[in-house]
2 protein chains.
Amino acid sequence: MPRIAFDAMGGDFAPHETVQGAVRAAKEGVEVILVGDEAILSRSLDEAGHAIPVVHAPEVIEMSDDPATAIRTKKNASISVAARLVANGEAEGLVSAGSTGAAMAAAAFIIGRLEGVQRPAIGSIFPTRHVVLDAGANLDCKPEHLLQFGVMGSVLAEIYLGIEMPTVGLLNIGEERGKGRELERAAFRLLEESALNFVGNVEGRDLGRNNVDVLVTDGFTGNVLLKGAEGIAARIMNSLTSELRELQVGADAPGLHRVLSGMAARLDPETYGGAHLVGTKGVVVIGHGSSSRTAIANALRMASDGAAAGLVQRVAAGLSQ
Amino acid sequence: MPRIAFDAMGGDFAPHETVQGAVRAAKEGVEVILVGDEAILSRSLDEAGHAIPVVHAPEVIEMSDDPATAIRTKKNASISVAARLVANGEAEGLVSAGSTGAAMAAAAFIIGRLEGVQRPAIGSIFPTRHVVLDAGANLDCKPEHLLQFGVMGSVLAEIYLGIEMPTVGLLNIGEERGKGRELERAAFRLLEESALNFVGNVEGRDLGRNNVDVLVTDGFTGNVLLKGAEGIAARIMNSLTSELRELQVGADAPGLHRVLSGMAARLDPETYGGAHLVGTKGVVVIGHGSSSRTAIANALRMASDGAAAGLVQRVAAGLSQ
């Protein structure tokens with residue numbers, strides 16, 4: 001069973017929710033190592049009534065710290081210590097709900113990039129069962145980066161969506177060949193010549209369909225798309241719920257409530273609990289700062305599943321082709 | 001009453017749906033001039049039993065034509081003739097559901113850019129009551145372009161959403177100052193110093209809120225966001241509808257059907273019928289190729305409302321500040 005180093009001091013609701021989430025994942029069989037202030041974490045664990053190994057880390061990186069500087073100077077920050085456990089082979093995965101920048105810096109400087117990876121990327125699994133990357137790590141990309149994102153995204157789709165030879169599309173403003181910026185035109189040619197199951201240009205509206213599994217794009221566009229989808233989904237669900245309540249529709253239709261809450265749960269970013277930072281020498285899952293215990297438990301399970309499935313090795317193999 | 005030149009030969013369902021849409025708009029008081037093959041249009045008008053002035057244009061630009069070349073060589077194409085009516089002052093607005101590229105080329109080369117405008121932009125009014133621009137005209141932008149988009153978008157929000165001093169946000173990957181690419185960092189400074197009601201960086205998820213009216217971004221990002229929002233909305237509504245049908249929920253709750261179809265109608269891109277190409281010396285509305293008569297009628301009304309409200313003059317005034 002892979003061991004997952006968990007930065008238990010990161011996130012808006014640390015350490016209470018983080019410890020509760022870790023306990024839930026541990027009870028489900030995930031091998032968690034809690035990293036953070038030992039006294040604080042031990043007290044929380046006592047309250048939760050469950051024993052999990054703790055590795056002491058007295059410092060904390062604040063959201064206001066400059067990530068790269070903080071990683072260099074705060075050697076004993078929980079995220080740094082957790083990353084070192086992965087770098088030293090004492091854990092196979094890292095999960096944090098703290099500063100995304102600090103987690104990315106720790107992954108880059110302490111765990112290190114996989115050989116052949118030009119840029120680690122954030123891979124996000126949308127509730128629509130699409131893998132989108134880069135979702136925010138690299139704002140300015142080169143065509144070769146997008147090609148590598150296609151490889152990384154295919155591995156994510158295989159492991160987490162159970163799809164063999166996932167289809168890969170290039171996110172663009174139209175389906176025809178030749179559309180897009182210089183970046184897309186050059187990336188199209190690289191993807192076309194690759195061993196990936198490339199299906200050509202796809203558009204934002206393909207999130208409404210099942211014709212493509214992996215959408216590759218630069219980190220700026222991917223981040224906007226991800227958050228835009230969240231915004232629209234939240235607006236629709238909130239409006240429907242409040243209109244139905246106002247009209248007192250469905251009070252006598254229990255099935256309606258079930259359908260709506262099922263949809264809301266599927267759309268909830270917490271279902272997947274986090275996004276993968278792919279391309280480093282360990283499995284790295286970065287959670288929302290506002291992660292609840294459910295989101296934390298899901299993120300820990302994702303990291304464990306990824307490590308068990310050989311995510312890092314499969315990305316390395318894909319890139320060497 | 002402003003006169004609107006309508007390229008009645010453009011769009012997947014021309015001329016039948018285009019003429020029906022024009023008739024509907026004309027009956028509601030929009031002053032439409034139909035442009036296209038006179039014999040074909042007269043026959044369609046006879047069938048519809050309503051008289052609308054027709055200006056003959058024997059040629060048609062196909063979706064497969066290169067837009068800029070076609071505008072130069074097909075002087076008698078319906079879109080070219082319609083654009084000339086605006087250029088000559090015989091009409092104040094132009095509507096087309098044909099090739100977007102051809103409409104943009106006709107607007108640029110025949111109607112011409114407004115003085116001071118660096119790049120005309122596509123302004124899209126989302127069903128969430130946000131104006132987003134550029135939604136696809138300019139894939140690579142400079143900071144000054146984004147500043148001008150803020151001016152154009154503010155005028156659209158004033159006219160179509162009835163908002164005084166609309167708030168303008170810069171679409172970015174985080175709210176903090178300094179986020180984004182070099183483009184966003186430089187555009188932020190320009191917007192901040194402008195006379196616009198600038199509220200800083202906003203994110204895709206702000207489409208779920210009402211904290212900003214106008215979102216400015218480059219045409220690549222805007223197009224992806226627009227189509228992504230359409231895709232997610234379609235997916236949610238389709239899933240909800242089919243799940244409820246399957247579970248036979250709501251057969252006894254007529255209010256439910258009303259709420260769902262009301263939401264679907266509000267989310268329908270056809271409600272607004274088209275997007276504005278802002279920054280030329282005439283009001284230009286570009287419809288979807290698949291526009292139904294409803295979408296066409298709405299696009300014609302939008303163009304008429306825009307011309308009546310002095311859209312072009314207000315953009316010019318805003319840019320000269």
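The legends below describe close-up views of a predicted model. Local features are given where pLDDT is at least 70 and side-chain atom pairs count only at pLDDT 80 or more, whereas totals for chains, interfaces and linings use all residues. Residues are numbered from 1 along each chain as its sequence is written, and chains are lettered from A, with ligands numbered from 1, in the order in which they are written.

**View 1. Packing of helices H8 and H9 in chain A.** The axes of H8(A) (residues 219–246) and H9(A) (residues 254–267) come within 11 Å and cross at roughly 160 degrees, where axes are lines fitted to C-alpha atoms over the stretch in contact and angles run from 0 to 180 degrees between N-to-C directions. Helices here are DSSP runs of H or I with at least four residues, and strands are E runs of at least two, numbered from the N terminus. The two helices are therefore roughly antiparallel to each other, a term for angles over 145 degrees. The contact (C-beta atoms, placed from the backbone, within 7 Å) is made by A:Ala233, A:Met237, A:Leu240 and A:Thr241 of H8(A) and by A:Leu260, A:Met263, A:Ala264 and A:Leu267 of H9(A).

**View 2. Strand E11 of chain A and its partners E4 and E10.** Strand E11(A) (residues 283–286) points A:Val283 and A:Val285 one way and A:Val284 and A:Ile286 the other way, and all are buried, that is, 20 or more other C-beta atoms, placed from the backbone, lie within 10 Å of their own. E4(A) (residues 93–96) runs parallel to E11(A) and is joined to it by 4 bridges, with A:Val283 as the bridge partner of A:Gly93. E10(A) (residues 275–278) runs antiparallel to E11(A) through 3 bridges, and here A:Ala275 has A:Ile286 as its bridge partner. In the hairpin of E10(A) and E11(A), which has 4 residues between the strands, A:Gly279 takes a positive phi near 115 degrees.

**View 3. The open sheet of chain B.** Its 11 strands follow the order E3-E2-E1-E4-E11-E10-E5-E6-E9-E7-E8 with mixed pairing, two strands being paired if DSSP finds at least two bridges between them. The edge strands are E3(B) (54–56) and E8(B) (197–202), each of which pairs on one side only. Neighbouring strands are turned by 25 degrees against each other on average, direction ignored.

**View 4. The side of chain B that touches chain A.** Here 42 residues of chain B are in contact with 42 residues of chain A. The elements that give two or more residues to this side of chain B are H8(B) (219–246) and H9(B) (254–267), and H8(B) gives the most, with 20 residues.

Terms used
Angles under 35 degrees count as roughly parallel, over 145 as roughly antiparallel, 65 to 115 as roughly perpendicular and the rest as oblique. Two residues are in contact if their C-beta atoms, placed from the backbone, lie within 7 Å. A residue is buried if 20 or more other C-beta atoms lie within 10 Å of its own, exposed if 12 or fewer, and partly exposed in between; C-beta atoms are placed from the backbone.
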